[in-house]
Amino acid sequence: MQIALREARTAAARGEVPVGAVVSDATGRVLARAGNRVEELRDPTAHAEMLALREAARLLGDKHLEGCTLTVTLEPCAMCAQAASHARIGRVVFGAYDPKSGGVEHGARVFSHAQAHHKPEVVGGVNEAECAGVLREFFAALR
């Protein structure tokens, strides 16, 4: 989670919503890391999770990331949760909960649907206070 937090802080410095993500393999080796790049790339799909999943798949040469863990500072939205499901990610670990736009424990609850392609293990609330604090600071500075 500390690597994801560094990515989130780097994203904030670029003017992006500070969300960071890391994909690691079953041994814990980091395959990919990313922060949001939505504003920079003018791409609504350039969420940290999407970028990290794409890079990990490219590195492994496989669209399936079975046995891998996606660690992200904020509960993934429905788009990112669905991408993790399609990638057959083994575990999703996230920090802050997102009651407004989350897609795992809130909102769409992608992994709970019978139509979910794959249901990873989910661990929420890891370093929740620190992850939420990064977001709170970012948005407070905008106001």
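This is a predicted model: local features need pLDDT of at least 70, side-chain atom pairs count only at pLDDT 80 or more; totals for chains, interfaces and linings use all residues.
Okay, ground rules. Local features here need pLDDT of at least 70 and side-chain atom pairs count only at pLDDT 80 or more, while totals for chains, interfaces and linings use all residues. Numbering runs from 1 along each chain as its sequence is written, and side-chain values use heavy atoms, with hydrogens and water left out.

Let's start inside. The largest nonpolar core has 38 residues, and Val23, Leu53, Leu65, Ala84, Ile89 and Phe111 touch the most other members. By core I mean buried Ala, Val, Leu, Ile, Met, Phe, Trp, Tyr and Cys joined through side-chain atoms within 4.5 Å; buried is under 20% relative accessible area, exposed is over 50%, and partly exposed is in between (1.4 Å probe, protein chains only). Helix H3 (48-60) is among the elements giving two or more residues, and the largest share, 7 residues, comes from H3. Helices and strands are DSSP runs, numbered from the N terminus: H or I with at least four residues, E with at least two.

Now look at valine 92, in strand S4 (residues 91-96). Its relative accessibility is 1%, so valine 92 counts as buried. Beyond four places in sequence, its contacts (heavy atoms within 4.5 Å) include Leu70, Ala84, Phe111 and Val123. Valine 123 sits 31 residues away along the chain, yet the two C-alpha atoms are 6.3 Å apart.

On to the hairpin. S1 (residues 20-24) and S2 (residues 30-35) run antiparallel, with 5 bridges; pairing takes at least two DSSP bridges. Glycine 20 has glycine 35 as its bridge partner in S2. There are 5 residues between the strands, and glycine 28 in the turn has a positive phi of about 95°.

Next, charges. How many salt bridges does the structure hold? There are 6, each a side-chain nitrogen of Lys or Arg within 4 Å of a carboxyl oxygen of Asp or Glu. One joins arginine 29 to aspartate 25 at 3.0 Å, N to O. Is aspartate 25 buried or exposed? Buried, at 15%, whereas arginine 29 is partly exposed at 47%.

Arginine 37 and glutamate 40 have their closest N and O atoms 2.3 Å apart, and Arg14, Arg37 and Glu40 are linked in a network of salt bridges.

Last one: glutamate 55 meets arginine 58 at 2.6 Å, N to O. They are 3 residues apart in H3, so about one helical turn separates them. Arginine 58 is exposed at 57%, and glutamate 55 is partly exposed at 30%.
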